Amino acid sequence: MNTSVVVTGIGVVAPTGLGVNKYWAAARAGTSGIRAIRRFDATGYPARLAGEVVDFVAEEHVPSRLIPQTDHMTRMALAAADWAFDDAGIDPARWPEFGMGVVTASSSGGFEFGQGELRNLWRQGGEFVSAYQSFAWFYAVNTGQISIRHGLRGPSGVVVSDQAGGLDALAQARRLVRKGCRLSLAGGVDASICPWGWVAQLAGGRVSTGADPGDAYRPFATDAAGHVPGEGGALLILEDAESARGRGARVYGEIAGYAATFDPPPGSGREPGLRRAIELALEDAGMDPSGIDVVFADAAAVPELDRTEAAAIRTVFGPRGVPVTAPKTMTGRLLSGAASLDVTAALLSIRDQWVPPTVNTEPGVDHHLDVVLGAPRELPVAAALVLARGYGGFNAAMVVRRAG
Amino acid sequence: MSVREATVDGLKQILRQVAGEVDGVDLDGDILDRTFEELGYDSLALLETGARLERALGIKLDDSTLNEVQTPRQLLAAVNEKRATHPDAA
């Protein structure tokens, strides 16, 4: 029998607000953080909108000594980690260091830092490249910096599976807690809104070139034309349920089920792996589809991917068989930070008994989805399913539910 | 650092740029004989500091220098010795 693993702390950095409360208030109001890019001059690029975290001032949240050696995404991750510990009421300095680990997801590492050092290399020469480039760009850097800052010396790692990574990291953390690690800090905080990162995202062919923040990202619409990228994410504290209860922790909910699948090669004619991921995650949770009160969709906003997701949800839950929402329509898709922020929204929906809306889209009727549109919906939420897909065929599904 | 001789003030400025300041350490105090470890600067911070000094002074430190020096006084001595023997630094 696997032990139950629960979430006891959350730190959020989102385009719509810093911290859980601001993010959640914006989600309730349906406020969008998608705007014209400010971090660099994007006028010459085909896509010019993003969900930027505009009110994050690194110097207010990160020690001065870490500023010269960190990418923007790492600074936001360090802040989110601090807030997650605060939220959980844990001072890691008072916990056994080998009993705490950290697992983050990453999509491309610290691209903005890397871009700056590449510029130094080609404009000025190798001796002008920062020694910190050795790790500041690296996929595992958020895990490393958080581990060093808080003395988390237990089992740790990084997962690289694009947008699915936020769920895969939480699942890895759950495995580690089940193996005896007392606490694992996990999730994703990501950012790649710089010219180098931007062209890499554009090359994927799934970024919206829409100019109007009010309709550039329209998942499930018949005229869906790609997503708007964003930055930020969420880090969560996972603990063994009994241990959390023992210290009187406030519990957001249980990570009850998870599965990951990989798509067959393009052109194989075989069904994509998302439906199977959903079914396996439900099985892992020991639940029937009827136990799920809301689905947080991956919401690719690419017609074929939307059809695949709608079909998977329909097949498992029936036509209009479960409320579906995509609060990422307010933030953009946050790379490896997207899914852990969706898990956060799912846990807060369980806490508050309302579900955040999907904004700025009108789903095609052919999908037969009951999308929570325009305004939050009050409904009893005991369990939620979160879906995430990564470029290249990654599928992940996670069930969270009210702790027993 | 625009001066052509490495001074403790110039070094402090570089240390602040490459690795900020550590809580509880006053760089404005007398740091010459405190170890970099005590001051909160790790080996990578020292590597970056060495690179900045090389660029500012037009010198090349020996590969072993940064592994050997323990304190700002020792680093400044090594740097200024290089400077003295460097043909362009006169």
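**Two domains and two chains: a walk through a predicted model**

Between domain 1 of chain A and domain 2 of chain A there are two salt bridges, where a salt bridge is a side-chain nitrogen of Lys or Arg within 4 Å of a carboxyl oxygen of Asp or Glu. Before I go on, please keep in mind that this is a predicted model, in which local features need pLDDT of at least 70 and side-chain atom pairs count only at pLDDT 80 or more, while totals for chains, interfaces and linings use all residues. Residues are numbered from 1 along each chain as its sequence is written, chains are lettered from A and ligands numbered from 1 in the order in which they are written, and side-chain values use heavy atoms, with hydrogens and water left out.

Let me start with the domains. Chain A is divided into domain 1, residues 5-246, and domain 2, residues 257-401, with bounds that come from an automatic or database domain assignment. Their C-alpha centres lie 21 Å apart, and 64 residues of domain 1 of chain A are in contact with 61 residues of domain 2 of chain A, contact meaning heavy atoms within 4.5 Å. Together the two domains bury about 4,800 Å², 65% of it on carbon and sulfur atoms; buried area is the accessible area (1.4 Å probe) that two parts lose on being put together, summed over both. Of the area that domain 1 of chain A buries against domain 2 of chain A, 21% is supplied by Trp24(A), Gln163(A) and Phe220(A), more than any other three residues.

One salt bridge that I can show you joins the side chains of Arg28(A) and Glu378(A), at 3.8 Å from N to O.

Now let us look at two single residues. Asp190(A) lies in strand β7 of chain A, strands (E, at least two residues) and helices (H or I, at least four) being DSSP runs numbered from the N terminus. Is Asp190(A) buried or exposed? At 0% relative accessibility Asp190(A) counts as buried, a word that means under 20% relative accessible area, with exposed over 50% and partly exposed in between (1.4 Å probe, protein chains only). The side chain of Asp190(A) makes a polar contact with the side chain of Ser336(A) at 2.7 Å, and among the other residues that Asp190(A) touches are Met73(A), Ser106(A) and Leu334(A).

Thr358(A) is found in the loop between β12 (354-355) and β13 (370-371) of chain A, and Thr358(A) is buried too, with a relative accessible area of 3%. The side chain of Thr358(A) reaches the backbone nitrogen of Ala326(A) at 2.8 Å, and the residues in contact with Thr358(A) include Val324(A), Val371(A) and Gly374(A).

Finally, the two chains. Chain A and chain B bury about 970 Å² between them, 51% of it on carbon and sulfur atoms, and Arg65(A), Ala131(A) and Tyr132(A) supply 54% of the area that chain A buries against chain B, more than any other three residues. The contact takes eleven residues from chain A and 14 residues from chain B. How many salt bridges are there between chain A and chain B? The count is zero, although four residue pairs are in polar contact across that interface, both residues at pLDDT 80 or more.

Technical notes. A polar contact is a pair of N or O atoms within 3.5 Å; within protein, one must be able to donate a hydrogen and the other to accept it, and residues adjacent in sequence count only if both atoms are side-chain atoms. Lists of a residue's contacts leave out its neighbours within four places in sequence.
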